[in-house]
Amino acid sequence: MSAPGQATSLLEQLGVDRAQLQSGDLVVRTPITGEELARVARTDAAATDASIQRAAAAFTAWSDVPGPHRGELVRLLGEELRREKEALGALVTLEVGKIAQEGLGEVQEMIDICDFAVGLSRQLYGRSIASERPGHRLTETWHPLGPIAVISAFNFPVAVWSWNAALALVCGDPVIWKPSERTPLTALACMSLLHRAVERFGGAPTGLAELVIGGADRAVQLADDPRIPLVSATGSTQMGKDLAPRIAARLGRSLLELGGNNAAIVAPSADLDLVVRGVLFSAVGTAGQRCTSLRRLIVHETIADEVVDRLAAAYRSVPVGDPRDPGTLVGPLIGADSFGRLEEAVADARAAGGEVVAGGDRLLADEFPDAWYASPTLVRMPSQSAVVERETFAPLLYVLTYSEPDEAIALQNGVPQGLASSIFTTDLREAERFLASSGSDCGIANVNIGPSGAEIGGAFGGEKETGGGRESGSDAWKAYMRRQTATVNYTNELPLAQGIVFDVPS
Ligand code: UN1
């Protein structure tokens with residue numbers, strides 16, 4: 001079936017109204033062939049304002065629903081996702097060009113976070129704190145926060161929404177979602193599945209989940225609106241730098257998950273079979289378009305030639321092509337711009353003394369003249385020059401060498417971003433040194449796996465220009481709630497804290 005025909009039938013199966021796909025001003029194309037899939041309407045400023053208004057009204061009702069009942073809605077969403085895993089995964093493949101396995105994996109991430117959130121809905125634990133005053137009780141309670149804006153990127157078009165939405169919904173918060181302009185179809189499909197869950201749930205307020213389709217102007221509108229206490233934004237560092245000051249200017253909260261420039265250190269004791277497999281998945285998987293993709297390999301000088309030779313052989317044999325074909329491991333880049341940035345980075349790397357060991361070319365241009373397939377690219381660099389310090393969202397891996405462990409850690413930390421990192425070693429001391437406070441400065445630090453492909457159970461995010469936010473598992477839910485400290489006096493005395501005496505003379 002043609003890509004447009006396939007998209008139409010998947011969207012129908014997923015319950016998206018045909019009328020939403022035909023007459024809009026936003027043309028959606030598949031990166032697989034460049035063909036048009038649909039025309040979707042953008043949400044204008046007035047309609048966005050109405051969405052925020054509905055979400056604010058929904059908050060009043062939803063925040064009163066007990067947490068475990070809110071969890072029931074997310075449980076039903078998880079069921080809908082399980083039922084439509086294949087269809088939604090295939091739509092992810094069509095809309096962003098991920099291989100079938102990774103499209104399915106992304107939907108599995110959604111199912112996993114729903115399960116996590118259902119459990120969480122009964123565990124929004126506060127604390128009981130020892131009071132310094134006799135007859136007093138001090139507690140901490142987590143209350144719902146308000147409508148949350150979620151701004152997501154093309155590369156994980158559905159999972160990132162679900163990390164935020166599943167947590168926000170159990171925390172008592174409505175969600176206003178602005179997906180990437182490149183991925184409105186998977187967003188419409190998610191809204192339809194959530195709608196099915198809402199119907200089965202019965203009695204959820206209108207405005208609990210809103211969708212805003214648009215570009216940077218809509219993101220700015222959400223960032224500026226004081227009715228939205230938290231804006232959770234995933235995308236480039238530049239996007240974060242544009243939005244964060246606006247949110248801060250109204251003293252709103254932001255949760256930022258921005259660029260990464262993720263490295264793996266390969267120590268002399270490393271198991272090189274693991275290295276080759278781990279590096280391939282992290283560096284060429286998802287065509288290098290994960291924020292956690294491996295971009296820098298820091299190899300001990302004594303094994304650098306061997307590692308590069310083995311990787312170069314593997315790089316040359318990675319099947320690049322139509323991501324719907326089961327044998328394909330690398331699909332297309334999202335668009336021409338991405339390929340342009342890859343070319344530019346390769347040219348800059350060459351100018352800085354880099355040697356292109358594999359890749360760097362456009363592939364399949366005859367078969368798919370309107371799509372952008374790149375050969376996985378491996379470049380040996382003499383040093384960590386400016387081009388290595390910037391994130392290029394493509395299957396481009398720089399190889400650097402080191403001689404002393406401290407030098408490897410300094411290189412790993414010597415970039416502006418701080419998302420994910422890893423070390424391949426069988427030496428316990430080296431591994432622990434990497435994980436210690438003086439080791440990796442990233443939000444994610446792995447041993448004997450690459451930097452990408454995190455599970456939902458851990459907190460996800462990073463430091464420095466990555467923005468500092470944490471989404472998904474662990475206690476990331478606390479960002480979606482407000483903390484209230486309560487002191488209760490159950491005596492007929494009034495002792496003051498800090499022992500202050502404040503007696504009115506009688
Ligand atoms: C992203 O690229 O924005 O850890 C998210 C990973 C995935 C999520 C990536 N679980 O690679």
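Predicted model: local features only at pLDDT ≥ 70, side-chain atom pairs only at ≥ 80, totals over all residues.

Student: Which residues are around the ligand, and how many of them are charged?
Tutor: The residues around the ligand are Glu109, Asn155, Phe156, Val160, Thr234, Arg290, Cys291, Thr292, Ser452, Gly453 and Ala454. By class, four of the shell residues are nonpolar and five are polar. The number of charged residues is two.

Student: What distance separates the end C-alpha atoms of H2, against the span it should have?
Tutor: Helix H2 covers residues 45-62, which is 18 residues. At 1.5 Å a residue, the helix should span 26 Å. The end C-alpha atoms agree with that, at 25 Å apart.

Student: What arc do the buried residues of H2 cover around the axis?
Tutor: The buried residues of H2 are Thr48, Ser51, Ile52, Ala55, Ala58, Phe59 and Trp62. Their arc puts them on the same side of H2. The arc is only 125°.

Student: Which helix is included in what covers the buried residues of H2?
Tutor: The cover includes two strands, S6 (175-178) and S7 (209-211). It also includes a helix at 216-224. That helix is H8.

Student: What covers the buried residues of H8?
Tutor: The buried residues of H8 are Arg218, Ala219, Gln221, Leu222 and Ala223. Their cover includes strands S5 (148-151), S6 and S8 (230-234). It also includes two helices, H2 and H9 (237-249).

Student: Is threonine 286 buried or exposed?
Tutor: Threonine 286 lies in the loop between helix H10 (272-284) and strand S11 (294-300). It has 27 C-beta neighbours inside 10 Å. The cut-off is 20 or more. Threonine 286 therefore counts as buried.

Student: How many Å apart in space are threonine 286 and asparagine 155?
Tutor: In sequence the two are 131 residues apart. Leaving out residues up to four places away in sequence, threonine 286 touches Lys98, Glu102, Asn155 and Ser293. From C-alpha to C-alpha, threonine 286 and asparagine 155 are 8.4 Å apart.

Student: How many residues of strand S16 are buried?
Tutor: Leu396, Tyr398, Leu400 and Tyr402 point one way from S16, and all are buried. Leu397, Val399 and Thr401 point the other way, and are buried too. S16 is largely enclosed by the rest of the structure, because its buried residues number seven of the seven.

Student: Which residue of S16 is the bridge partner of isoleucine 298?
Tutor: S11 and S16 run parallel, joined by five bridges. In S16, isoleucine 298 has as its bridge partner leucine 400.

Student: Which residue of S16 is the bridge partner of threonine 377?
Tutor: Strand S15 (residues 377-380) pairs with S16 in the parallel sense, over four bridges. The partner of threonine 377 in S16 is leucine 396.

Student: Which side chains of S19 point to the buried face?
Tutor: Strand S19 spans residues 444-447, and its side chains alternate.

Student: Which residue of S19 is the bridge partner of alanine 420?
Tutor: Strand S18 (residues 420-424) and S19 pair in the parallel sense, over four bridges. The partner of alanine 420 in S19 is isoleucine 444.

Student: Is phenylalanine 424 buried or exposed?
Tutor: Phenylalanine 424 is found in strand S18. Leaving out residues up to four places away in sequence, it touches residues including Ala264, Val266, Leu274 and Asn448. With 26 C-beta neighbours inside 10 Å, phenylalanine 424 counts as buried.

Student: What is phi of asparagine 448?
Tutor: Asparagine 448 is in the loop between S19 and strand S20 (459-460). It counts as partly exposed, with 16 C-beta neighbours inside 10 Å. Its phi is positive, in a residue other than glycine, and is near 65°.

Student: What is phi of lysine 464?
Tutor: Lysine 464 is found in strand S21 (residues 463-464). With 19 other C-beta atoms within 10 Å, lysine 464 is partly exposed. It is not a glycine, yet its phi is positive, at about 50°.

Definitions and conventions
Residues numbered from 1 in each chain as written. Near = placed C-beta within 6 Å. Nonpolar A, V, L, I, M, F, W, Y, C, P; charged D, E, K, R; others polar. Expected span 1.5 Å × (residues − 1). Buried ≥ 20, exposed ≤ 12 C-beta atoms within 10 Å, placed from the backbone. Arc of directions from axis to C-beta. Contact = placed C-beta atoms within 7 Å. Pairing = 2+ DSSP bridges.
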